[in-house]
Amino acid sequence: MNYKKIKQVRTAAPPHMVGDGFKVRNFIGQDLWYDMSPFLMLDYNEPWTVGPTDHPRGVDVHPHKGFETVTIAWSGNVAHEDSSGGRGEIGPGDVQWMTAGSGILHKEFHAESFSRQGGVFHMAQLWVNLPAKFKNTPPSYQDLRDADMGRVQLPDNGGELRVIAGEHMGVKGPAKTFTRINIYDVKLKAGSVLNLELPDGDNTAIVVMEGNLMINNEQQARTGQMVVLGRTGTNVQVESNNEAHILVLSGEPIAEPISAYGPFVMNTKQEILEAIDDFNAGKFGVLN
Ligand code: MN
């Protein structure tokens, strides 16, 4: 096997609130922009029990430009509304893939029905960078349903791999992406082995949402940790000691400079200043 080398094992940051609806632990920050490109950020909302309310928790109207936000739901429901006319609600197994591109306003709240009942809220949000030539692509929104995901049953009743983006063993995921990306959501049974074959040169990480794993017969990783692998090589082996739930992120690096300011991610400082001007001038549309 031509294993990708293990570069580091990272423990997620302590939880912080995004608005009043998302209690997230950060796995990917600025220090991983090289090793994780095209992924800019991963905020993980581990299972969190919220009480019933008539006032849905969340984040009110805010802008994004130059990248994509990808929200993956496992429990609970999220409602989304944006200035390009995109709107929708996702529940367990669903994914919203929003391309901010040239600039968008949106809001993200727990869905009303979920809010009224309360319950377990379990989500992740990933930010995916766009290459310079697509940063000003028109905003768009992909509503990806659980039933649309690619599904691979692992050998020996070892669990199930859902392909959100890219492909695994010829099974493709539904997401349309601007660069080559593989995102798998995988549930492993105790004692099962997952063998991944990923492109040489692509960045890759294994995010452990639950379980105790052995990676490449070499490195242990447990709940709340992420294993970052090097670009060279094509194989990754994941062995589970107990029932496990992992997210596999892999993608072709975007070899361009990054200039970021809050929810704007561009290539140069000048473009950031222009983005702020455009936002202040109302060019990202209207959303109440
Ligand atoms: Mn947002």
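**Entry 1: a term I need before reading on.** I noted that a residue is called buried when its relative accessible area is under 20% and exposed when that area is over 50%, with partly exposed for whatever falls in between. I also wrote down that this is a predicted model.

Entry 2: Glu81 has a relative accessibility of 25%, so it counts as partly exposed, whereas Arg87, at 53%, counts as exposed.

**Entry 3: the manganese ion.** Which protein atoms are the donors of the manganese ion? I listed His62, His64 and His106, each through NE2, together with Glu108 through OE, and they lie 2.1 to 2.4 Å from the ion. Along the chain these donors follow the spacing H-x1-H-x41-H-x1-E. His62 belongs to strand 5 (residues 58-64) and His106 to strand 10 (residues 104-110), so this pair ties together parts that are 44 residues apart in sequence. I then checked how accessible the two histidines are: His62 counts as buried at 17% relative accessibility, and His106 is buried as well, with a relative accessible area of 1%.

Entry 4: How many salt bridges does the count come to? The count comes to 13 salt bridges. One that I followed up joins the side chains of Glu112 and Arg116, at 3.8 Å from N to O. Both residues lie in helix 2 (residues 112-117), and they are four residues apart, which is about one turn of the helix. Glu112 is exposed, its relative accessible area being 55%.

I next looked at Arg151 and Glu160, whose side chains meet in a salt bridge at 3.2 Å from N to O. Arg151 is partly exposed with a relative accessible area of 34%, and Glu160 is partly exposed with 25%. These two residues are part of a network of salt bridges that links Asp146, Arg151, Glu160, Arg162 and Asp185.

**Entry 5: aromatic rings.** I searched the whole structure for aromatic pairs, and the search finds nine. One of them is formed by Phe134 and Phe178, and it is tilted, with 4.9 Å centre to centre and 50 degrees between the planes. Phe134 lies in the loop between strand 11 (119-129) and strand 12 (140-144), while Phe178 lies in the loop between strand 16 (171-172) and strand 17 (181-188), so the pair ties together parts that are 44 residues apart in sequence. Phe134 counts as partly exposed at 27% relative accessibility, and Phe178 is partly exposed at 29%. Elsewhere I noted that ring pairs link Phe22, Phe114 and Phe121 into a cluster, and that Arg231 lies over the face of Tyr34, at 3.9 Å from the ring centre.

**Entry 6: strand 20 and its partners.** I wrote down a general point to begin with: in a regular strand the side chains alternate between the two faces of the sheet. Strand 20 is joined to strand 21 (residues 219-222) by four bridges, and the two run antiparallel. Strand 20 is also antiparallel to strand 23 (residues 235-240), to which three bridges join it. Ile215 stands opposite Gln219 in strand 21, and its bridge partner in strand 23 is Val238.

Entry 7: Strands 20 and 21 form a hairpin with three residues between them, and Asn216 in the turn has a positive phi of about 50 degrees. Is Asn216 buried or exposed? Asn216 counts as buried, at 5% relative accessibility. Asn157 likewise has a positive phi, near 55 degrees, but this residue is exposed, with a relative accessible area of 60%. Asn157 is found in the loop between strand 13 (150-153) and strand 14 (159-165).

Pro38 lies in the loop between helix 1 (33-36) and strand 4 (39-50).

Technical notes. Residues numbered from 1 in each chain as written. Predicted model: local features only at pLDDT ≥ 70, side-chain atom pairs only at ≥ 80, totals over all residues. Heavy atoms only, no water. Donors = N, O, S within 2.8 Å, 3.2 Å for Na, K, Ca; no water. Buried < 20%, exposed > 50% of the residue type's maximum accessible area, 1.4 Å probe, protein only. Salt bridge = Lys/Arg side-chain N within 4 Å of Asp/Glu carboxyl O. Phe/Tyr/Trp six-rings, centres within 6.5 Å; stacked < 30°, edge-to-face > 60°. Lys NZ or Arg CZ within 6 Å of the ring centre and 35° of its normal. Pairing = 2+ DSSP bridges.
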